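I set out to record what can be looked up in this structure, entry by entry. The notes below follow the order in which I consulted it.

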Amino acid sequence: MKIELNFTNTDLVAWWGAVVATFILLWDVYKWKTSGPKIRFCAKPGMKTINMPTHDGKTWINATAENIGTRATTITNLGIRYYKNWLTRALRKPDSSWVVGMPEPNPNYSIPHVLQPGGVWQGLAEQTEEHEKLSREGHLVCELYYSQSRKPKECRVIVKDK
């Protein structure tokens, strides 16, 4: 049994066009899915301030958000949650939750804050002895809420012994 394929130049061009069009469609879907704001978030405990008289003498958790995406987003809130263990964290059942009131170190970072592509936002949360204790006993997590996502960006806060 012999199979014979008879393609004309028109058939080859039509197949080539279909393959290229499919590739372009898949590329456009990929670009659409990967565009938009992308937030890189970290929280560093044990920070002290300099030249900020209202903040002197306290220890802070410094939260930093960078928009490495292609569109702006709005930072709406900064929070802290405590989970007793990894299981309660995985199930998203916090044992304690806090909203950080006025986390901005200066008026330029007030919330809500529009974070442009390539922009950076910084916030401060006071680090208390209770937070230090909870960080050692379980999972203390700093959360950044922004307008393009229902889930906050999270960063675990680990306070080391002095």
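**Entry 1**

I began with methionine 102, which counts as exposed because its relative accessibility is 70%. The model is a predicted one. I found methionine 102 in the loop between β4 and β5. Its phi is positive, near 50°, in a residue other than glycine.

I then turned to arginine 92, which lies in the loop between α2 (86-90) and β4. Arginine 92 also is not a glycine, and its phi is positive at about 60°. With 38% relative accessibility, arginine 92 counts as partly exposed. For context, I note that most residues other than glycine have a negative phi, and that most peptide bonds are trans.

**Entry 2: A cis peptide bond**

I looked up the bond between isoleucine 111 and proline 112 and found it to be cis, with omega about 0°. Proline 112 sits in the loop between β4 (96-99) and β5 (113-115).

**Entry 3: Overall layout**

I listed three helices and eight strands in the protein chain. Read from the N terminus, the order of elements is α-β-β-β-α-β-β-β-α-β-β. The radius of gyration is 25 Å, well over the 15 Å that the globule rule gives for 162 residues, so the protein chain is more spread out than a compact globule. Its C-alpha trace spans about 85 × 40 × 25 Å along the principal axes.

I recorded that 31% of the 162 residues are buried. Of the contacts with a separation of 6 or more, 64% are between residues 24 or more positions apart.

**Entry 4: Helix α1**

I checked the length of helix α1, residues 9-34. Its 26 residues should span 38 Å at 1.5 Å a residue, and the end C-alpha atoms are 38 Å apart, so the two values agree. Just after α1, I noted glycine 36, with a positive phi of about 105°.

**Entry 5: The nonpolar core**

Which residues have the most contacts inside the largest nonpolar core? I found Phe41, Ala65, Leu78, Trp121 and Leu144, in a core of 22 residues. Two or more residues each come from β1 (39-47), β2 (60-67), β3 (73-83), β6, β7 (139-146) and β8 (153-157).

I followed leucine 78 further. Leaving aside neighbours within four places in sequence, its contacts include Phe41, Trp121 and Leu144, and also Val99, Val100 and Ile111. In soluble globular proteins, nonpolar side chains tend to be buried together.

**Entry 6: Cysteines**

How many disulfides are there? I counted zero. Cysteine 42 is in no disulfide, and the nearest cysteine sulfur, that of cysteine 155, is 6.1 Å away. Cysteine 155 counts as buried at 15% relative accessibility, whereas cysteine 42 counts as partly exposed at 27%.

**Entry 7: Glutamine 127**

Is glutamine 127 buried or exposed? I found glutamine 127 buried, because its relative accessible area is 8%, under the 20% limit. It lies in the loop between β6 (120-126) and α3 (129-137). Its side chain makes a polar contact of 2.9 Å with the side chain of glutamate 132. Setting aside neighbours within four places in sequence, I listed the contacts of glutamine 127 as Pro45, Gly46, Thr59, Trp60, Ile61, Glu132 and Val159.

Note on methods:
Residues are numbered from 1 along each chain as its sequence is written. This is a predicted model: local features need pLDDT of at least 70, side-chain atom pairs count only at pLDDT 80 or more; totals for chains, interfaces and linings use all residues. Side-chain values use heavy atoms; hydrogens and water are left out. Helices (H or I, at least four residues) and strands (E, at least two) are DSSP runs, numbered from the N terminus. Buried means under 20% relative accessible area, exposed over 50%, partly exposed in between (1.4 Å probe, protein chains only). A polar contact is a pair of N or O atoms within 3.5 Å; within protein, one must be able to donate a hydrogen and the other to accept it, and residues adjacent in sequence count only if both atoms are side-chain atoms. Contact means heavy atoms within 4.5 Å. A disulfide is a pair of cysteine sulfur atoms within 2.5 Å. The expected span of a helix is 1.5 Å times one less than its number of residues. A nonpolar core is a set of buried Ala, Val, Leu, Ile, Met, Phe, Trp, Tyr and Cys residues joined through side-chain atoms within 4.5 Å. The radius of gyration is taken over C-alpha atoms; the globule rule is 2.2 Å times the number of residues to the power 0.38.
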